[in-house]
Amino acid sequence: MQSKTAPSQPAGNSGAAPTELRLEGVSKSYGGVRALQEINTTFRSGLTGIIGDNGAGKSTMMKILSGVTRPDTGTITLGEKALHLTSPVDARLSGIESLYQDLALADTLDITSNIFLGREMTRSFAGLRVLQDRAMAKAARETLSQVNIRIPDVAVPVRALSGGQRQAVALARAVRFNAPVVLLDEPTAALGPRETAAVNDIIGRLVDSGRMVIIVTHDIPAIVGMADHLIVMRAGRIVREVDPRQTNQEELLAYMVGSRT
Amino acid sequence: MQQANMLQRLFGAGGGPLERTPNKAVLFGLRFTNLAVLLILLVFFALSAPGFLSLVSFSNILDSTSVFLLLALGETFVIFAGGIDLSVGSMLSLGGVASASYMSERFAAGDDGVLTTVVGILIACAVGLLGGVLNGVVIAYMKLDPLIVTLGTLGIFLGIADLISNGLPVGDLPPAAFTLGNGQFLHVPYVAIIALGFAAVLSFVARKTRFGRYCYAIGASQESVRRAGVNLNRHTIMLYGISGALAGLAGMLNAAHFSSASSSAGANALLVAIAAVVIGGTPISGGEGKIWGTVIGALIYTLLDNGFVLMGIASFWQLVVVGALIILAVYLDEYQRRLRLTVGISRDTEGVAPALAADGAAGQDSTGAKASA
């Protein structure tokens, strides 16, 4: 019996924060609709919030960075490395972990299976990839403990968890696989105040550990209080990049709706 | 009142059962509903059907179960992944006819060796695999509903079976095929050994391998699996390929058992296969289920079949009872799932929610200091 443990972390990804993630001339159209137009920006370590009204291009930018959608034009560079993101796997292997608004969890699977989905620890046996369930459960418990989430049983199916707990499981993936860049799409949109605070705390831990965290959100008061850097988008363009300490909600809203340019 | 008291004992005081933590013993019991039904049927027929408690009878039950169990095993994997394969019955016919045509021709030419039967098995599996892969490719790449695709191929495979056999039964199979279809080892039919062997292997694959995990995950959320970087198309093709290959093999074994193959051999097989899966506790919505549940489901079906015959009850009643059993099985399965969910939330809330709440409170603290978990 050949025994081999699959790597549980992306190759070449130590989790060390890259210096920057740069977008140059990135555009994307859907038919006649120009979802993104000539985006030029640089994300750095810390928390960057992307805000904008519906249709501003936030989600398209997230999809491009997470490898779900390919840009029509432009380049993406992480540190010194040019990225060609043609799938979510490409993004993940490049060290970009994405958490979607709908979480993308498999409800009937347990917490461990969800954390390791697509990156299971396995060994080879008779041509089959046999799961190393115990090792994965142990690693899942350690990861949850790292973000200070106490879950008594990682064998609980995800559908039995509340929204905040599910979000914690999704965030645990990024922690487990040491992703240096974490993209979050409306991470607290469906949560109550207590769970929102808990999830924001986990996000704070990710930032404190030196990761580059990018959040797309509608929750302007919250992101102004959390972010190190804010990007305001409107009609597929970046209309303002600002330090949240040097602005206020009224000004941001004005940029979002176009009453200031 | 008495009923209310009983419910209180089972589920705790007051209100409906789903509003509170149910008794874990009840939950544990509900997980084995299908096994309990199997045992009850065994006892019932042992007491009321003359001749039921005999080696011959049990051997017959295993014999009758094995062919459609193979169909049901492939179908179970497809249903785990949230799909459906309606073409397994006609693939059984096609696999049987294709294999029997070759074996019959060789036998007529004077070749009655074991090799002819082995090649017959390979032909049946290859034809099934090809048909299954066709299903998978169309479903994966044309993004069509598996219900419609396999409904279409149900007709296609049946038509091809008729074309090969000219609509007539194909007989005169070599003795080795007859031995395979009717031989026994310690009163256990060879076909049962084959079917149970496949059940054991596939149970391992479902529970312990990455392929099995992805089947469940796809059934739960195709999008989560796609975003996790799994090649969904390849997985879909493999799933339907396995289902087709098992159906083809079932067709060959069916032909070997009856020393004859025909396009009508799989007429009832689809209903029986899906009944075995559903009675075995696999939800038609996918994402959950067990291979051994399907084995129990298949045995329940055959027990009813044999028991009714032994009791002299008209076979029409069997269809009525099986139909009712499918509905009951789906209801019980849904019921226990909701109970499990309640227990999951209850158990989880004891630990996780306070932990999250505590984290949240701490998160609002500017110091960020945390109590260790």
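User: Which residue stands opposite L78(A) in β5(A)?

Analyst: K81(A) does. The pairing there is between β5(A) and strand β4 (residues 73-78) of chain A, antiparallel, over three bridges. Strands pair if DSSP finds at least two bridges between them. Helices (H or I, at least four residues) and strands (E, at least two) are DSSP runs, numbered from the N terminus.

User: What should I know about the model and the numbering?

Analyst: The model is predicted: local features need pLDDT of at least 70, and side-chain atom pairs count only at pLDDT 80 or more, while totals for chains, interfaces and linings use all residues. Residues count from 1 along each chain as its sequence is written, with chains lettered from A and ligands numbered from 1 in the order in which they are written.

User: OK. How many strands are in that open sheet, and in what order?

Analyst: Four, in the order β2-β1-β4-β5 (chain A), with antiparallel pairing. The edges are β2 (33-44) and β5 (81-83) of chain A, each pairing on one side only. Neighbouring strands are turned by 25° against each other on average, direction ignored.

User: Which helix packs on it?

Analyst: Helix α1 (residues 58-65) of chain A, which touches β1 (20-30) and β2 of chain A. Its direction makes about 65° with that of β2(A). Angles run from 0 to 180 degrees between N-to-C directions, and axes are lines fitted to C-alpha atoms, for helices over the stretch in contact. Contact means C-beta atoms, placed from the backbone, within 7 Å.

User: What's the strand order in the open sheet of six?

Analyst: β6-β9-β10-β3-β11-β12 (chain A), and the pairing is mixed. β6 (96-99) and β12 (237-242) of chain A each have a single partner strand, so one side of each is left without a neighbour in the sheet. The twist from one strand to the next averages 20°.

User: Where does β3(A) pair?

Analyst: With β10(A), parallel, over five bridges. G46(A) faces M212(A) there. β3(A) also pairs with β11(A), again parallel and over five bridges. T48(A) stands opposite H229(A) in that pairing.

User: And what about β9?

Analyst: Strand β9 (residues 181-185) of chain A runs parallel to strand β10 (residues 212-216) of chain A, joined by five bridges. V182(A) has V213(A) as its bridge partner.

User: Is β3(A) mostly covered or open?

Analyst: Mostly covered. Six of its seven residues are buried. Buried means 20 or more other C-beta atoms within 10 Å of a residue's own; exposed means 12 or fewer, and partly exposed is in between, with C-beta atoms placed from the backbone.

User: Which helices lie across β3?

Analyst: Helix α6 (residues 193-208) of chain A lies across β3 (46-52), β9 and β10 of chain A, at about 145° to β10(A). Helix α8 (residues 249-257) of chain A lies across β3, β11 (229-234) and β12 of chain A, at about 30° to β11(A).

User: Switching to chain B. What's its secondary structure?

Analyst: 15 helices and two strands. Of its 373 residues, 47% are buried.

User: How do α9 and α10 of chain B pack?

Analyst: Helix α9 (residues 190-208) and helix α10 (residues 210-220) of chain B meet at about 70°, with axes 5 Å apart. α9(B) and α10(B) are therefore roughly perpendicular. Under 35 degrees counts as roughly parallel, over 145 as roughly antiparallel, 65 to 115 as roughly perpendicular, the rest as oblique.

User: Which residues make that contact?

Analyst: V205(B), A206(B), R207(B) and K208(B) from α9(B); F211(B), G212(B) and C215(B) from α10(B). They divide into four nonpolar, one polar and two charged. Ala, Val, Leu, Ile, Met, Phe, Trp, Tyr, Cys and Pro count as nonpolar, Asp, Glu, Lys and Arg as charged, and the others, Gly among them, as polar.

User: At what angle do α8 and α12 of chain B cross?

Analyst: Roughly 100°, for helix α8 (residues 175-182) and helix α12 (residues 232-258) of chain B, with axes coming within 7 Å. That makes α8(B) roughly perpendicular to α12(B). The contact includes F178(B) of α8(B) and L253(B) of α12(B). It holds five nonpolar, three polar and no charged residues.

User: Last one. Where do K143(B) and H187(B) sit?

Analyst: K143(B) is in the loop between α6 (114-141) and α7 (146-165) of chain B. Its phi is near 55°, positive in a residue other than glycine. K143(B) is exposed, with 8 other C-beta atoms within 10 Å. H187(B) is in the loop between β1 (184-185) and β2 (188-189) of chain B. Phi of H187(B) is near 70°, also positive. H187(B) is exposed, with 11 other C-beta atoms within 10 Å.

Conventions. Two residues are in contact if their C-beta atoms, placed from the backbone, lie within 7 Å.
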